[in-house]
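Visitor: I would like to learn how to read the overall features of a model like this one. Please show me the structure first.

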Amino acid sequence: MKHLLSTEDLSLSNAIRILDTAEEMAAVGDREVKKLPALRGRTVVNLFFEDSTRTRISFEAAAKRLSADVINFAAKGSSVSKGESLKDTAQTLAAMGADAVVIRHWASGAPHRLAATDWIDAAVINAGDGTHEHPTQALLDAFTMRRHWSKLAGSASIGADLKGMRVAIAGDVLHSRVARSNVWLLRTLGAEVTLVAPPTLLPIGVEHWPCKVSYNMDDTLAHGVDAVMMLRVQGERMNASFFPSTREYSRRWGFDDNRLRALDSLGLKDTIIMHPGPMNRGLEISSAAADSPRSTVLAQVRNGVSVRMATLYLLLSGETREPAATPGTAASNAAHSTKESN
Amino acid sequence: MTSVTNAPVPARVVLNQADIDRALTRIAHEILEANKGSKDLVLLGIPRRGYPLAVRLAHKIAAADPTVDANAIVGQLDVTMFRDDLSHQPTRPPYPTQLPRTGIDNKVVVLIDDVLYSGRTIRAALDAIIDFGRPRIVRLAVLIDRGHRELPIRADHVGKNLPTSSTEKVRVRLEETDTAADGSVVNEVVIEGGA
Amino acid sequence: MAENNGTYLIRGASILGAGAEDLLISNGVIAARGAAAAAHKDAHGATVIEAAGLVALPGMVDVHTHLREPGREDAETVETGTRAAALGGFTAVHAMANSNPVADTAGVVEQVHSLGRAAGWVDVRPVGAVTVGLAGEQLAELGAMADSRAQVRMFSDDGLCVHDPVLMRRALEYVKAFDGVVAQHAQEPRLTAGAQMNEGAVSAVLGLTGWPAVAEESIIARDVLLAQHVNSRLHVCHVSTAGSVEIIRWAKERGINVTAEVTPHHLLLTDDLVRSYNPVYKVNPPLRTDADVQALRAGLADGTIDVVGTDHAPHPSEHKECEWAQAAMGMTGLETALSVVQHTMIETGLMTWADFSRVTSTAAAQIGRVTDQGRPLDAGEPANIILVDPAARWTVDPAKMATMGRNSPFAGLELPGQVVATFYKGHPTVLDGKLNTPYRESAAAAAGAS
Ligand SMILES: [Zn+2]
């Protein structure tokens, strides 16, 4: 694994490896000294073409807990006002010796471009690209679900997948990179996913996805569900005829107080309610639901740091891309490799 | 070097099951002796094979001193994240660190590993320990000391000193972590390769 | 190439893929064909071109080329674009109107036309804009462009759709006055706001805004009905979907005067390539699905689609070395068109070389009303001829192309067919697969006088 660009091409073994490593990283968060020296001397650049304080500080905390040097690079530039080109920015970061680039971009596929071109030879981590993917969000969601699922099963999370878990993802799937990354990762981990959305907010072609599609929230709950993930409704959708009004949206597709009560009456006592944040309280999720004991919203934030530590560690701790040229270093390499038992 | 790895590897057993057991028994008694008893003892095994050795030692100590609960004094200390050679090796996922409930503050911590070689693993372990607390004393026990130190580190308790050439490989196989090629239980130390 | 008297004896070429015959080129025309060629009085002293194994075809006519001049000389010029055209086997190209300034006046079309004549590699036929500034609001002076020295017959807002139905109706009606044709870039703008690629299974996964097939098909359906209603001539640019083929087939069955074009890239490539997010695959209309590719091939083979048009659209590298959403749309195509069509249509058994000459030359010249091109290779006809080695295979390397654009989606592909020679008005612009010299009117006139 050299980059983390999407969950669509993330193998089961790599997914489990990240989640298991994240469990160890989570333990670090519980310690008095929340810092590990693992990435000392490595430089991680947070390259953000789109504002997202939450994601940036989560990656920043993760990198710093691993003792990496962190450079924040806010390259604001929209399709309207073009800033410096991605190519020039990447070459600048390469010249600065970046070992990893955490990139958030409004354009789908921008991380793929960084990884596929020779503009920069660094590990590329997709921190959300357009309406394409947000793999670390899906991994932290899966991490949160796996802890819950293992606890219910009374077994350890390490090594576990999500076989049999029923997950509903509800809301603006069409524009959601979170939904896409979750669909692929949850498929890989063996969960059963149902997308719940108005037909206008589902992409053409969704019928090829490894999940069920429903237009009815109440039916989906009635069929039984172990986790409900509510997606954020973006403000700009509201006046583009994707749905008639926010009132109708929240009545048909939101997780309101009635549906929160329905979980109890349906006997779904262990069902969790998830949200990637930031929430529109009263639109896609009611305050009672967001603040209920079922809500994992804050656990998701906490787990985000662990998952991002795991990702940075697994991408950056391995053999450096250029083999050491000095004979002395080469000899010490050989010496170390002869003792496997450490 | 490549010819060595391609040719059938000559291997000789230097410690068998009984040898290992004897060595651990001796180390257990040495630890008790050095500590003047079992007070404040904590055994921290370094993954992978240091941990089962620590468990075995804890049981031997408990056998010698009935006041000791073996499970209460043994733990695992992962040093992966503290290594100074992470960037020269394939990526390795970390192992869990599990400390005894009593913690390690003001304890006598004995680090346990299978093979002492360059000393870099132990240096990493010392760094790791500092992040978890402040032991009163830290000692080191290893099953094999094969020499070739790169750091000023020595073991307090050694099962067997094994002079080796740096082209040789010392393989420790324990039933808790390894199985023999034929699937049978294995407890042995083997030297492979060499000129 | 040494000077000669402008007389060439092509020996043993397979005429349109049929039997081997000789062709004698003299004074800009085919002086004789077959046994008569070598016996012709002008054959003495002619430069002999041994053409055994080569196919002789009428020079290709592109109905859809972006030469970028005036305004974007960093992307292409008339000189570089027409060099590429000659190397690709073309003897005429229609230069699209979306230059800067837009080719919406007699002045601009005459400028492009004279740049083409000065270059001398192919006949440059300017396309006039339908609306002023391509703004889709007000008709440009179509008559003035038709009457200009450029003799414009094809009008298009290509790059943009004439989406206002009233304006489209008026344009179709108005061009009847001078036997013009409106070439429509069929793209309903509201359905394609922000569109990045074909809408379907791949766009759903990639999170790129979809360009639905219906945005093309609904405009084509409207326009064929308008063409029928006002009894005018409609040309549909770069048809890209199976549904469009169906609608055009239906229109032709009803006798509607519609012609249609397909690009080489839509005959070969699919939207699966977009998974790389490499903007070299970004084009408008977008690459579609394999089912669409198969329908386009069938439509071209059965005559529903009349012609191949390259939609050659060179871009400077910085417009492609960026994020997908930032990248410009378009692909180069002049130097790969013949090979791609051979690969997709001839080597698949869907078409013969005679069919090839129809879709790349004869029908194209008729749509553009280019009277001296797309003619049979018979005695007395203008000598616009290419010689093609159908057995050659080559690997596409954009760096070696004559176009300034490096944005070929075929880079690295091995393709069949090579243009060995191109004769434009009897003059070899390409010989031995390499650029020779441009056609010079004075030289030809002098040769004709001798
Ligand atoms: Zn167009």
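**Reading chain C and its neighbours**

Guide: A compact globule of 450 residues would have a radius of gyration near 22 Å, and chain C agrees because its value is 21 Å. The radius is taken over C-alpha atoms, and the globule rule is 2.2 Å times the number of residues to the power 0.38. This is a predicted model in which local features need pLDDT of at least 70 and side-chain atom pairs count only at pLDDT 80 or more, while totals for chains, interfaces and linings use all residues. Residues are numbered from 1 along each chain as its sequence is written, chains are lettered from A and ligands numbered from 1 in the order in which they are written, and side-chain values use heavy atoms, with hydrogens and water left out.

Visitor: What percentage of the residues of chain C count as buried?

Guide: Buried means under 20% relative accessible area, with a 1.4 Å probe and protein chains only. In chain C, 61% of the 450 residues count as buried.

Visitor: Which two chains share the most contacts?

Guide: Contact means heavy atoms within 4.5 Å. Two pairs of chains are in contact, and chains A and B share the most contacts. Chains B and C do not touch, with their nearest C-alpha atoms 27 Å apart.

Visitor: What is the mean pLDDT of chain B?

Guide: pLDDT is the predictor's confidence in each residue, from 0 to 100. For chain B the mean is 91, and 94% of its residues reach 70 or more. Over residues 1–6 of chain B the pLDDT is below 50, and this stretch has one contact in the model beyond near neighbours in sequence.

How values were computed
Buried < 20%, exposed > 50% of the residue type's maximum accessible area, 1.4 Å probe, protein only.
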